[in-house]
Amino acid sequence: MSFAGSAGQQVAMDLTRGALQGGTRFISQRVKAVKVKLKAGYRVLLVTKKQ
């Protein structure tokens, strides 16, 4: 929770908060999470794809 000194500041804070939440939602939809299950004792080498 935050308090602004004026109505203009409150509007600016609300717009900024909305933009950040929208950006986070957009990024989370674009980034794919890879889930891997491993058995004990195995090692995994992670390599990024070159485009």
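**Salt bridge**

I looked up the contact between Asp-14 and Arg-17 and found that their side chains meet in a salt bridge, at 3.1 Å from N to O. The model is a predicted one, so I keep in mind that side-chain atom pairs count only at pLDDT 80 or more. I then searched the whole structure, and the search returned 1 salt bridge.

I checked where the two partners sit in the chain. Asp-14 and Arg-17 are 3 residues apart in helix α1, so about one helical turn separates them. I also looked up their accessibility. Asp-14 is partly exposed, because its relative accessibility is 37%. Arg-17 comes out at 38% and therefore also counts as partly exposed.

**Fold and burial**

I counted the secondary structure elements and noted 1 helix and 0 strands in the chain. How much of the chain is buried? Of the 51 residues, buried ones make up 0%.

**Nonpolar patch**

I looked for nonpolar side chains on the surface. Val-34, Val-36, Leu-38, Tyr-42, Val-44 and Leu-46 form a patch there, and together they have about 720 Å² of accessible area.

Is Val-44 buried, partly exposed or exposed? I noted a relative accessible area of 47% for Val-44, so it is partly exposed.

Note on methods
Residues numbered from 1 in each chain as written. Predicted model: local features only at pLDDT ≥ 70, side-chain atom pairs only at ≥ 80, totals over all residues. Heavy atoms only, no water. Patch = residues over 30% accessible without salt bridge, like charges linked within 9 Å, V, L, I, M, F, W, Y side chains within 5 Å. Areas by Shrake-Rupley, 256 points an atom, 1.4 Å probe, with all protein chains shown as cover. Salt bridge = Lys/Arg side-chain N within 4 Å of Asp/Glu carboxyl O. Buried < 20%, exposed > 50% of the residue type's maximum accessible area, 1.4 Å probe, protein only. Helix = DSSP H or I, 4+ residues; strand = E, 2+ residues; numbered from the N terminus.
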